[in-house]
Amino acid sequence: MTRKLIIISVLIGMLTAVFAQEKESTDVSRFYGGVRVGFTASQISGDDLTGFHKVGAHAGGFVNHAIVPSGRLKLQLELDFTMKGSHSHTPKNVIADNFYSLTLGYMEVPLMLVWTAGKWQLWGQKFNFELEIGPAFGVHVFTREREANGLIVGRPPFRWYEFSGLAGISLMVADHHSVNFRFENSIIPVRIPTWVYDRVVYKQFNTLLTFSYCYQF
């Protein structure tokens, strides 16, 4: 836990320092900062469940900087809190003994390459269509795993870290407001379910859909 707190504190400090540079800079090549908030729909492989039935929260901050003179290509650094996991899908009015719910919390640092694929003006407003791709490093901060009889204990813990890949699209309005959709998947397993004996042991990976609203200062 101490290691996780140290890493998270360092990441927050780095992002704070970049925000401070953004505020002090006045030239056209300065950093731009913003915040994002939204929700996630997730699943995890290797639990015999399918579908993005687990809903969670997503929030964070970001800074970006143009890396080409036209401004169409940007590098964006983020610090996000993201909820992931899995949930059994049970129809209404049905009591199921196979109920399962897994809630995971991560502090993530995505490093995104953002390309403005299109620009246009409509009704006096500027619109930008953006594509993004990049890796993310995450620190696992909590787990809550439940079944029909209550909390599940004694299973191997999840890795304290996660490496994942992200890809997404955004629609920005008036250089400040945007809506964003992302797909994210773990690159390395987050846990190996060694307690399973009646089938091949599958490695577990997080798969995530994120829908968020972003505001750039």
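Author: Two strands are said to pair if DSSP finds at least two bridges between them. Helices (H or I, at least four residues) and strands (E, at least two) are themselves DSSP runs, numbered from the N terminus. The model is predicted, with local features requiring pLDDT of at least 70 and side-chain atom pairs counting only at pLDDT 80 or more, while totals for chains, interfaces and linings use all residues. Residues are numbered from 1 along each chain as its sequence is written, and side-chain values use heavy atoms, with hydrogens and water left out.

The protein has 1 helix and 9 strands, in the sequence order α-β-β-β-β-β-β-β-β-β. Strand β1 (residues 32–44) runs antiparallel to β2, to which 11 bridges join it; within this pairing, R36 has G60 of β2 as its bridge partner. β1 is also antiparallel to β9, again through 11 bridges, and here G38 is the bridge partner of S212 in β9. Of the contacts (heavy atoms within 4.5 Å) with a separation of 6 or more, 66% are between residues 24 or more positions apart.

Of the 217 residues, 39% are buried, where buried means under 20% relative accessible area, exposed over 50%, and partly exposed in between (1.4 Å probe, protein chains only).

On a 1 Å grid over the protein atoms alone, a cavity is a set of points where a 1.4 Å probe fits but cannot get out; a pocket is an open set with protein on both sides within 12 Å along at least five of seven lines, and lining residues have an atom within 4 Å of a point. Grid points are joined across faces, edges and corners, and a volume is the space filled by probe spheres set on the points. By this search the whole structure holds 2 cavities of 30 Å³ or more.

The largest cavity has a volume of about 120 Å³. Its lining comprises 15 residues, of which Q76, E130, S170, M172 and S178 are the closest to the centre. At least two lining residues come from each of β2 (54–66), β3 (73–87), β5 (125–147), β7 (161–173), β8 (177–186) and β9 (206–216), with β8 giving the largest share, 3 residues. Ala, Val, Leu, Ile, Met, Phe, Trp, Tyr, Cys and Pro count as nonpolar, Asp, Glu, Lys and Arg as charged, and the others, Gly among them, as polar; on that basis this lining has 4 nonpolar, 6 polar and 5 charged residues.

The second largest cavity contains about 30 Å³ of space. By class, 3 are nonpolar, 3 polar and 4 charged. T210 belongs to strand β9 and is buried, with a relative accessible area of 3%. Leaving aside residues up to four places away in sequence, T210 touches F39, T40, H58, N180, F181 and R182.

Finally, the largest pocket holds about 510 Å³ of space. Among its 24 lining residues, Y32, G71, K74, D175 and Q216 lie nearest the centre. Two or more lining residues come from each of β2, β4 and β5, and β5 gives the largest share, 4 residues. The pocket lining is made up of 9 nonpolar, 9 polar and 6 charged residues.
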